[in-house]
Amino acid sequence: MPATSNTLPPLRPARVHEVCGPGATGFAAVACAQRQGQRQGHLLWLRGDWQAGTLDPVGLSSSCDPARVLVARTRTQADMLAVAEEALRDGSVALVVIEITRPLDLREGRRLQLAAKAGQTTGLCLIPEGAGSPASETRWHCAPVLDPEGPPDSTLMRWEIIKNKLGTLGVWYVRWDAAAHHLDMVSPVV
């Protein structure tokens, strides 16, 4: 099992990362919050028309300004990847979140990485469990943790980096502090 450290590694800019697990959307919301100061803080969130439910940017308001979240829906995953690639290459948004539903092949993942590098924009793919791309820079698994003693307005999360091209793996227990607008590291629940 990876060790727990006191420093949560940031998502490297100009790269595409992946996150899976039941806490993946929360991870993406925190990534959005951390990028609000960059490139006018605009964020593009891509979803497929075939996916159930809708993303309401107001639901992200505890972590980021919903007026700066642009939500786009595409008919197919191929269309979604084409839009993501263009947005990453253009570089006019701080973060591109891509909700994929099938694994990316190496070619698709590599194209996204090259576009992110060209536009100096960060990409984050929300992926199904086990559907990671070999081209991703990092892959995270995020899940809520039962914490009966914790504050009622924040969920304790366990974030684990399960793939990292730079080699460092680890586990962190975090909680979003909406009032202070930052991520707190906390001790694991016993």
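Q: Which helix is Glu85 found in?
A: Glu85 sits in helix α2, residues 77-90. Keep in mind that this is a predicted model.

Q: Is Glu85 buried or exposed there?
A: Buried. Its relative accessibility is 10%, and the cut-off for buried is under 20%.

Q: What does Glu85 touch, leaving out residues up to four places away in sequence?
A: Arg111, Leu112 and Ala115.

Q: Which residue meets the side chain of Glu85 in a salt bridge?
A: Arg89 is one such partner, at 3.4 Å, N to O.

Q: How far apart are Arg89 and Glu85 along helix α2?
A: Four residues. Because of that spacing, about one helical turn separates them.

Q: And Arg89, what is its relative accessible area?
A: It is 35%, so Arg89 counts as partly exposed. Glu85, at 10% relative accessibility, counts as buried.

Q: Now the helix pair. How do the axes of α2 and α3 run?
A: They come within 6 Å and cross at roughly 25°. Helix α3 covers residues 106-119. The two helices are therefore roughly parallel, as angles under 35 degrees count that way.

Q: Which residues make the contact?
A: From α2, Leu81, Ala84, Glu85, Leu88 and Arg89. From α3, Glu108, Arg111, Leu112, Ala115, Ala116, Ala118 and Gly119.

Q: How do the residues of that contact divide into nonpolar, polar and charged?
A: Seven are nonpolar, one is polar and four are charged.

Q: Glu108 is on that list. What does Glu108 form a salt bridge with?
A: Arg102. The closest N and O atoms are 2.9 Å apart. Glu108 is buried, with a relative accessible area of 11%. Arg102 counts as partly exposed, at 34% relative accessibility.

Q: How many salt bridges does the structure hold?
A: It holds 10. One of them brings together the side chains of Glu18 and Arg139, at 2.6 Å, N to O.

Q: Where do Glu18 and Arg139 lie?
A: Glu18 is in strand β1 and Arg139 is in strand β6. They are 121 residues apart, and the pair links distant parts of the chain.

Q: Are those two buried or exposed?
A: Glu18 counts as buried, at 1% relative accessibility. Arg139 is buried too, with a relative accessible area of 16%.

Q: On to the sheet. What is the strand order?
A: The order is β3-β2-β4-β5-β1-β6-β7-β8-β9. It is an open sheet of nine strands with mixed pairing.

Q: Which strands stand at the edges?
A: β3 (69-74) and β9 (182-185). Each has a single partner strand, so one side of each lacks a neighbour in the sheet.

Q: How much are neighbouring strands turned against each other?
A: By 25° on average, direction ignored.

Q: Which strands does α2 touch where it packs on the sheet?
A: β1 (16-20), β2, β3, β4 and β5 (122-126). The direction of α2 makes about 170° with that of β2.

Q: In what sense do β2 and β4 pair, parallel or antiparallel?
A: Parallel, over four bridges. β2 covers residues 43-48, and β4 covers residues 95-99. Trp45 stands opposite Val97 in β4.

Q: Switch to β7. Is it mostly covered or mostly open?
A: Mostly covered. Strand β7 spans residues 157-164, and six of its eight residues are buried.

Q: How many bridges does β7 share with β6?
A: Seven, in the antiparallel sense. Strand β6 takes in residues 138-144. Pro144 stands opposite Met157 in β7.

Q: And with β8, how many bridges?
A: Five, in the antiparallel sense. Strand β8 runs over residues 170-177. Here Met157 stands opposite Val174.

Q: What do β7 and β8 form?
A: A hairpin, with five residues between the strands. Gly167 in the turn has a positive phi of about 100°.

Key: Residues are numbered from 1 along each chain as its sequence is written. This is a predicted model: local features need pLDDT of at least 70, side-chain atom pairs count only at pLDDT 80 or more; totals for chains, interfaces and linings use all residues. Side-chain values use heavy atoms; hydrogens and water are left out. Buried means under 20% relative accessible area, exposed over 50%, partly exposed in between (1.4 Å probe, protein chains only). Two strands pair if DSSP finds at least two bridges between them. Contact means heavy atoms within 4.5 Å. Axes are lines fitted to C-alpha atoms, for helices over the stretch in contact, and angles run from 0 to 180 degrees between N-to-C directions. Angles under 35 degrees count as roughly parallel, over 145 as roughly antiparallel, 65 to 115 as roughly perpendicular and the rest as oblique. Ala, Val, Leu, Ile, Met, Phe, Trp, Tyr, Cys and Pro count as nonpolar, Asp, Glu, Lys and Arg as charged, and the others, Gly among them, as polar. A salt bridge is a side-chain nitrogen of Lys or Arg within 4 Å of a carboxyl oxygen of Asp or Glu.
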